[in-house]
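Trainee: I would like a close look at the nonpolar core and the aromatic rings. Please take me through them slowly.

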Amino acid sequence: PGIIPPSCTIDGKSAQSVLPAVKLPANDTTTAKKYFDECMQGKECSFNVLCTPEYENAIRQTIQNWQQLFGIKFSAKVEVVDADELKERVRKGNYQCAVAPISTNAETAVEFLYSFRDPSNICLYTSENFNTLLSQLLTASSANSVAQGCAAAQNYLIQNSVIIPLFFQSRYIATNPKITSVSILNSGNVISLCNTELLK
């Protein structure tokens, strides 16, 4: 998967239906070990991975794989917190690596990607190169050029390891057919219950 949610659109169509397949960074353990050795030059490396309880076992297994690859000079700790603390720690930038959800009310892929231009975005990420890609989206003259621009911006975030997508979770809402005037976003969020009526 990419990072653009399936609920976001490009020219009225699901972004996923018009964007090319996302190419995730290659899993090249030989090159990874080479870079690690060159970077650390015999020094020790340690860091924390922040996650909620449901991902603890998967993260621990991943870390064991890393330790087998990089050896005794590498250590990592899994820090398990509840969802509220995870959200707050990520919001403040108080983490080294986090397995965290990203949610959005954005209706379009462009709107979603633009949320990463705001310095207060979930990753506290800023990049002039990324901002240039976003600016080019504003001058896109066709749905095809918008799709290409979105693909380039999405690919930039992934290839620079700002975000590595793991999976999507969908949100659904069930309503009675007799209920009227409930406003719902493509993401599944209820945005208005004003004037809602249950018809007899």
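What follows is a walk through the core and then through the rings.

Mentor: This is a predicted model, in which local features need pLDDT of at least 70 and side-chain atom pairs count only at pLDDT 80 or more, while totals for chains, interfaces and linings use all residues. Residues are numbered from 1 along each chain as its sequence is written, and side-chain values use heavy atoms, with hydrogens and water left out.

Start with the core. A nonpolar core is a set of buried Ala, Val, Leu, Ile, Met, Phe, Trp, Tyr and Cys residues joined through side-chain atoms within 4.5 Å. Buried means under 20% relative accessible area, exposed means over 50%, and partly exposed is in between (1.4 Å probe, protein chains only). The largest such core has 26 residues, and Ile4 and Cys150 have the most contacts inside it. Helix H5 (109-114), helix H6 (128-138) and helix H7 each supply at least two of its residues; the largest share, eight residues, comes from H7. Helices (H or I, at least four residues) and strands (E, at least two) are DSSP runs, numbered from the N terminus.

Contact means heavy atoms within 4.5 Å. Leaving aside neighbours within four places in sequence, Cys150 touches Ile4, Ile10, Leu19, Ala109, Val110, Leu113 and Leu137. Apart from this core lies another, of 13 residues, among them Phe36, Cys45, Ala76 and Val99.

Leu19 sits in the loop between helix H1 (15-18) and helix H2 (29-40). Leu19 counts as buried because its relative accessibility is 12%. Beyond its neighbours within four places in sequence, its contacts include Ile4, Ile10 and Cys150.

Now the rings. Rings of Phe, Tyr and Trp (its six-membered ring) pair if their centres lie within 6.5 Å; planes under 30 degrees apart count as stacked, over 60 as edge-to-face and the rest as tilted. The structure holds nine aromatic pairs. In one of them, Phe36 and Phe74 are edge-to-face, 6.1 Å centre to centre with 75 degrees between the planes. Phe36 lies in helix H2 and Phe74 in strand S4 (residues 74-80), so this pair ties together parts 38 residues apart in sequence. Phe36 is buried at 11% relative accessibility, and Phe74 is buried at 5%. Trp66 also pairs with Phe74: the ring centres are 6.3 Å apart and the planes at 90 degrees, so the pair is edge-to-face. Trp66 is partly exposed, at 29%. Ring pairs link Phe36, Phe47, Trp66, Phe70 and Phe74 into a cluster.
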